[in-house]
Amino acid sequence: MATATDTTAEVGAVQEFTVTVIIRRFDPEKDAEPYWQDFDVQMYSTDRVLDALHKVKWDQDGTLSFRRSCAHGICGSDAMRINGRNRLACKTLIKDLDITKPIYIEAIKGLPLEKDLIVDMEPFFASYRQVQPFLQSSSKPEKERIQSIEERARFDDTTKCILCAACTSSCPVFWTDGQYFGPAAIVNAHRFIFDSRDEAAQVRLDILNDKEGVWRCRTTFNCSEACPRGIEVTKAISEVKQAILRGRP
Amino acid sequence: MTTDLTLDAPRAPHARTKRGINWEKWGWIYMRVSGVLLVVLIFGHLFVNLFLGDGVSQIDFAFVAGKLSDPFWQWYDFALLVLALVHGTNGMRTIVNDYVAKASVRRILHTALVASTAVLLVLGTLVLFTFDPCPAGADPELVASFCEDIL
């Protein structure tokens with residue numbers, strides 16, 4: 001280890017350092033309340049927060065529970081609150097955080113905590129299902145459904161959603177009582193509302209034109225900031241509001 | 001927000017609200033429209049009161065009495081009163097909806113909001129349209145000095 005830290009002067013060299021991660025632990029069978037536990041891990045500058053969690057789980061405490069599947073920022077399993085911000089653990093490089101201080105990792109907020117970094121995603125998916133996120137069309141084309149480049153570009157941004165819940169669980173309106181549809185559901189409604197091939201835009205606009213629909217959005221931009229895919233979530237919600245006012249997409 | 005925030009049962013199954021006037025939508029539109037109007041009206045109000053004429057030093061009882069005797073300013077201030085009060089009340093209503101989870105407390109606060117707004121609207125309108133700086137037959141000791149010429 002000592003030799004490894006001496007290489008810091010070398011330009012382009014991979015640095016190694018000790019990082020303290022403080023993880024909010026909770027085991028429903030043992031703990032009445034969640035608590036913070038700290039671990040020291042040896043990390044490289046090329047490592048991500050997910051690697052730190054792996055090191056803890058594989059080398060120090062096998063009881064640590066967290067979700068991760070692809071580990072490359074596309075499956076949306078490992079959204080968590082890192083230093084108070086919702087991010088994907090697999091897309092957050094350790095060197096981009098302030099490693100002179102401990103790194104705080106906890107589960108995303110507003111959804112029922114199940115264990116350690118795992119929350120019950122069902123309420124999130126329930127609101128997602130309610131906006132009917134699938135193509136609805138009465139026609140049956142012989143080959144494919146033709147769409148121009150411009151028509152496709154109209155909803156391109158919202159096709160990028162990976163349903164990680166980073167946006168919805170960063171929304172202060174969702175935190176209040178969890179009844180709000182949430183940014184992710186509206187983003188996925190937007191993806192079909194503005195799709196020229198889809199015929200059920202009116203149905204979705206009607207669903208979102210509701211007390212718990214788009215009107216509860218306070219444009220605090222937490223969702224846009226949290227989105228690991230860089231979707232302009234608040235803009236998408238505003239476009240749905242405008243579509244409701246117009247009465248058509 | 002506290003860090004230990006979790007919700008026991010978030011998101012009740014979505015139930016379609018009954019048809020009729022969509023208050024949530026119209027409330028949202030009202031906030032935008034009244035907001036734009038208020039910007040114009042408030043800056044007009046400030047400009048006339050604080051900038052035109054002798055500026056800040058001109059404001060006294062006689063100045064206000066003079067403005068309120070003009071039907072234009074009566075209706076100007078009436079528009080300001082209604083737009084601002086309802087705008088503020090609707091804002092408070094959304095805050096209550098956001099922060100009060102208990103239905104009974106919510107109802108009490110909403111009722112209090114509507115009641116206080118109604119009282120303020122009635123009182124404000126009454127003052128705007130019935131204000132008389134020099135009521136006939138009043139004790140000369142109690143009314144403004146400029147009333148001597150009129151009474």
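Residues are numbered from 1 along each chain as its sequence is written, and chains are lettered from A, with ligands numbered from 1, in the order in which they are written. Because the model is predicted, local features need a pLDDT of at least 70 and side-chain atom pairs count only at pLDDT 80 or more, whereas totals for chains, interfaces and linings use all residues. The model scores ipTM 0.76 and pTM 0.84.

**Chain A: overall layout**

- Chain A contains nine helices and seven strands, where helices (H or I, at least four residues) and strands (E, at least two) are DSSP runs numbered from the N terminus.
- Along the principal axes, the C-alpha atoms of chain A fill a box of roughly 65 × 45 × 35 Å.
- Of the 249 residues in chain A, 45% are buried; a residue is called buried if 20 or more other C-beta atoms lie within 10 Å of its own, exposed if 12 or fewer, and partly exposed in between, with C-beta atoms placed from the backbone.
- Taking contacts in chain A between residues at least 6 apart in sequence, 65% join residues at least 24 apart, a contact being two residues whose C-beta atoms, placed from the backbone, lie within 7 Å.

**Chain A: two domains**

- Chain A is assigned domain 1 (2–119) and domain 2 (122–246), with bounds that come from an automatic or database domain assignment.
- The centres of domain 1 and domain 2 of chain A, taken over C-alpha atoms, are separated by 30 Å, and the contact takes 13 residues from domain 1 and 14 residues from domain 2.
- On the side of domain 1 of chain A that touches domain 2, the largest share, three residues, comes from strand β4 (residues 85–88) of chain A.
- By class, that side of domain 1 of chain A has six nonpolar, four polar and three charged residues, where Ala, Val, Leu, Ile, Met, Phe, Trp, Tyr, Cys and Pro count as nonpolar, Asp, Glu, Lys and Arg as charged, and the others, Gly among them, as polar.

- Leaving aside neighbours within four places in sequence, A:Ala165 is in contact with A:Ala79, A:Ile108, A:Met121, A:Phe124 and A:Ala184.

**Chain A: selected residues and a helix**

- A:Ala52, in helix α2 (residues 49–60) of chain A, counts as buried because it has 24 C-beta neighbours inside 10 Å.
- Beyond its neighbours within four places in sequence, A:Ala52 is in contact with residues including A:Val19, A:Val21 and A:Ile94; the C-alpha atoms of A:Ala52 and A:Val21, 31 residues apart along the chain, are separated by 7.8 Å.
- A:Ile99 is placed in the loop between β4 and β5 (103–106) of chain A and counts as partly exposed because it has 16 C-beta neighbours inside 10 Å.
- Leaving aside neighbours within four places in sequence, A:Ile99 is in contact with A:Phe17, A:Val19 and A:Ile94, and its C-alpha atom is separated by 6.2 Å from that of A:Val19, 80 residues apart along the chain.
- In helix α7 (residues 201–208) of chain A, the buried residues are A:Ala201, A:Arg204, A:Leu205, A:Ile207 and A:Leu208.
- These residues of α7(A) are on the same side of the helix because they cover an arc of only 160° around the axis, the arc being that of the directions from the helix axis to the C-beta atoms.
- The elements that cover the buried residues of α7(A) include α3 (122–130), α6 (183–193) and α9 (233–246) of chain A.

**Chain B**

- Chain B has four helices and zero strands, and 2% of its 151 residues count as buried.
- The average pLDDT of chain B is 85, and 85% of the residues score at least 70, pLDDT being the predictor's confidence in each residue, from 0 to 100.
- B:Trp23, in helix α1 (residues 23–51) of chain B, counts as partly exposed because it has 14 C-beta neighbours inside 10 Å.
- B:Trp23 and B:Asp132 are 109 residues apart in sequence and 39 Å apart in space, C-alpha to C-alpha.
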